[in-house]
Amino acid sequence: MPALSPSLRGCAAALLLTLVAACGGGDGDGTTGTGTTTTGGTSTTSAATSVDVYVGRWTTCLREQTGSQRENLDITRVSDTRANFTFSGQRFASTDCSGTAQSSDSGSGTVTLVGKGSVGGEVVDKADVVENGQTDKDIFAVRADGKLYVGRHADDGGAVDAQGYPTSFDTDPFSKAS
C-alpha cells in the first residue's frame with residue numbers, strides 16, 4: 001500500500017500518541033476497538049485506548065536536507081476510538097522553521113484506534129489512518145516528556161510487523177501546543 005504524505009503521517013502519529021496517554025473506557029458510539037498485543041510470544045486482545053488525550057493541537061519542526069518543515073496537527077474527537085484530524089505543513093529555507101514559509105500543504109482525515117502493541121518494551125496504540133481514501137497503519141505513544149511519538153514507516157527507513165504496523169518510532173516527536 002502506498003505511504004501517506006509526510007505531513008499526514010505526522011498528524012496521524014500525533015493523534016495516536018495522545019490516545020496512548022488516555023484512560024481506557026467504553027466507546028461513546030456503542031462500539032469497541034480491539035487489537036492484539038504480543039508480549040514474550042503470547043498474544044492477547046485488548047480494548048483500544050480513548051482518543052481524548054490526543055485532542056488539541058500538536059506541532060513539530062523537522063530538519064530536512066535543505067531547510068526545515070513545521071507540521072501542525074489539529075485533532076478532534078468523534079468517539080472513544082476515532083478522531084478527525086487536519087494538518088498543515090510549511091517549508092522554510094532555515095533549519096529551524098523560522099523566517100517566511102516558502103511553500104505549504106494541508107490535508108485531513110480520520111484515525112481509528114484498533115488496539116495495543118509493544119515496541120522495545122513500550123506499550124503503543126495501533127491505529128488505522130485514512131486520508132483521501134488511502135489507509136495507512138501507524139503506532140503512537142505519548143511519553144513521560146509529554147511529547148507524541150509516531151511510527152517510522154518503511155519508506156522512511158523503518159520496518160513493519162506482520163500486520164503492517166511500524167516496529168520503531170520516528171525521531172522527531174510532536175509537542176502539544178498551548
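Me: Is glutamate 122 buried, exposed or partly exposed?
Reply: This is a predicted model, in which local features need pLDDT of at least 70, side-chain atom pairs count only at pLDDT 80 or more, and totals for chains, interfaces and linings use all residues. Residues are numbered from 1 along each chain as its sequence is written, and side-chain values use heavy atoms, with hydrogens and water left out. Buried means under 20% relative accessible area, exposed over 50%, and partly exposed in between (1.4 Å probe, protein chains only). Glutamate 122 has a relative accessible area of 22%, so this residue is partly exposed.

Me: With which residue does glutamate 122 form a salt bridge?
Reply: A salt bridge requires a side-chain nitrogen of Lys or Arg within 4 Å of a carboxyl oxygen of Asp or Glu. For glutamate 122, the closest N and O atoms are 3.1 Å apart, and the partner is arginine 143. Because glutamate 122 lies in strand E7 and its partner in the loop between strand E8 (134–142) and E9, the pair ties together parts that are 21 residues apart in sequence. Strands are DSSP runs (E, at least two residues), numbered from the N terminus.

Me: How many bridges join strand E6 to strand E7?
Reply: Strand E6 covers residues 103–119 and strand E7 residues 122–131, and the two run antiparallel. Glycine 117 stands opposite valine 124 in E7. The number of bridges joining these strands is nine.

Me: What is the handedness of the disulfide between cysteine 61 and cysteine 97?
Reply: A disulfide is a pair of cysteine sulfur atoms within 2.5 Å, and here the S to S distance between cysteine 61 and cysteine 97 is 2.1 Å. Cysteine 61 lies in strand E3 (residues 56–63) and cysteine 97 in the loop between strand E5 (82–92) and E6, so the pair ties together parts that are 36 residues apart in sequence. Because the torsion about the S-S bond is about 100°, the disulfide is right-handed.

Me: Which side chain makes a polar contact with the side chain of lysine 126?
Reply: Lysine 126 is in strand E7 and counts as buried at 9% relative accessibility. A polar contact is a pair of N or O atoms within 3.5 Å; within protein, one must be able to donate a hydrogen and the other to accept it, and residues adjacent in sequence count only if both atoms are side-chain atoms. At 3.3 Å, the contact is with the side chain of aspartate 161.

Note on methods: Two strands pair if DSSP finds at least two bridges between them. Helices (H or I, at least four residues) and strands (E, at least two) are DSSP runs, numbered from the N terminus.
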